[in-house]
Amino acid sequence: TLPQSTEGCLSCVALVRWVMNEWLYHGPTRLHRTSSLPHASASRHSGCEEPWDGEGEGAARQHVPGKAPLDANTKLLFEGLGEGMMKLFRCHVLKQRYTAAGGERLLLDLTTLQELGRELGAERVVDGFDRLAQAANILVLNAANILVMLDENTALFGDALVFQDMLQLLILRDDWGQLKGKLKAKVSALMSK
């Protein structure tokens, strides 16, 4: 179940990329206009302003991580943008129901969001999406593997937030009604810890 939501997610990613690129080109300091832009064209500097469509010449102005350092204000802006998107997406993800196909789609979307975090230069955002992806793997496991994982307590090793998200996502699976009898006691015991 996530087909409509995933389109919204990808639209949001496109919008954040557009904001990032526009800021890098039109930002308030000379740094934004020169060293951060590996291939700024002459027509941009001659006062000719055409709208950016995400392709062609506009794509050439995209920030290339590692090419030029970002100034402190730009880095804070991009980190804030990424962190806000991460919080919103995490909240959204923990309110949906998932089929196995929806879980696979979520993992693909999380990969896209991790790439966006890298483009923004926001390591905390990349780490946050990585932790959510680790938890979301529970959506694509079959019942036997989930039971083995919970019996062996392999889920208990690692980040506590990943573990909590994993348990919440487990309950959001479409087949939770079928799994509940096998897993409910184990999940309840783990959630109370």
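A crossing of two helices is called left-handed if the near helix is turned anticlockwise from the far one by less than a right angle. In the predicted model described here, H6 passes H7 in such a left-handed crossing.

The protein chain holds ten helices and zero strands. Read from the N terminus, its elements follow the order α-α-α-α-α-α-α-α-α-α. Of the 193 residues in the chain, 38% are buried. Among contacts between residues at least 6 apart in sequence, 71% join residues at least 24 apart.

Two packed helices are described by the angle between their axes and the distance between the axes. For H6 and H7, the angle is about 170° and the axes lie 8 Å apart. Angles over 145 degrees count as roughly antiparallel, and H6 and H7 are therefore roughly antiparallel to each other. On the H6 side, the residues that meet H7 are Leu106, Leu107, Leu110, Leu113, Gln114, Gly117 and Arg118. Their counterparts in H7 are Val125, Val126, Phe129, Asp130, Leu132, Ala133 and Ala136. Sorted by class, this contact has ten nonpolar, two polar and two charged residues.

Helix H6 (residues 100–120) also packs against helix H5 (residues 72–93), at an angle of about 165° and with the axes 10 Å apart. That angle makes H5 roughly antiparallel to H6. The crossing of H5 past H6 is left-handed. From H5, the contact is made by Phe78, Gly82, Met85, Phe89 and Val93. From H6, Leu106, Asp109, Leu110, Leu113, Leu116 and Leu120 take part. By class, the contact of H5 with H6 has nine nonpolar residues, one polar residue and one charged residue.

The buried residues of H7 are Val125, Val126, Gly128, Phe129, Leu132, Ala133, Ala135 and Ala136. An α-helix has 3.6 residues a turn, so residues three or four places apart point the same way. The cover over the buried residues of H7 includes H5, H6 and helix H9 (160–171). Among these buried residues, Val125, Val126, Phe129, Leu132, Ala133 and Ala136 also belong to the contact with H6.

Conventions. Residues are numbered from 1 along each chain as its sequence is written. This is a predicted model: local features need pLDDT of at least 70, side-chain atom pairs count only at pLDDT 80 or more; totals for chains, interfaces and linings use all residues. Side-chain values use heavy atoms; hydrogens and water are left out. Axes are lines fitted to C-alpha atoms, for helices over the stretch in contact, and angles run from 0 to 180 degrees between N-to-C directions. Helices (H or I, at least four residues) and strands (E, at least two) are DSSP runs, numbered from the N terminus. Angles under 35 degrees count as roughly parallel, over 145 as roughly antiparallel, 65 to 115 as roughly perpendicular and the rest as oblique. Contact means heavy atoms within 4.5 Å. Ala, Val, Leu, Ile, Met, Phe, Trp, Tyr, Cys and Pro count as nonpolar, Asp, Glu, Lys and Arg as charged, and the others, Gly among them, as polar. Buried means under 20% relative accessible area, exposed over 50%, partly exposed in between (1.4 Å probe, protein chains only).
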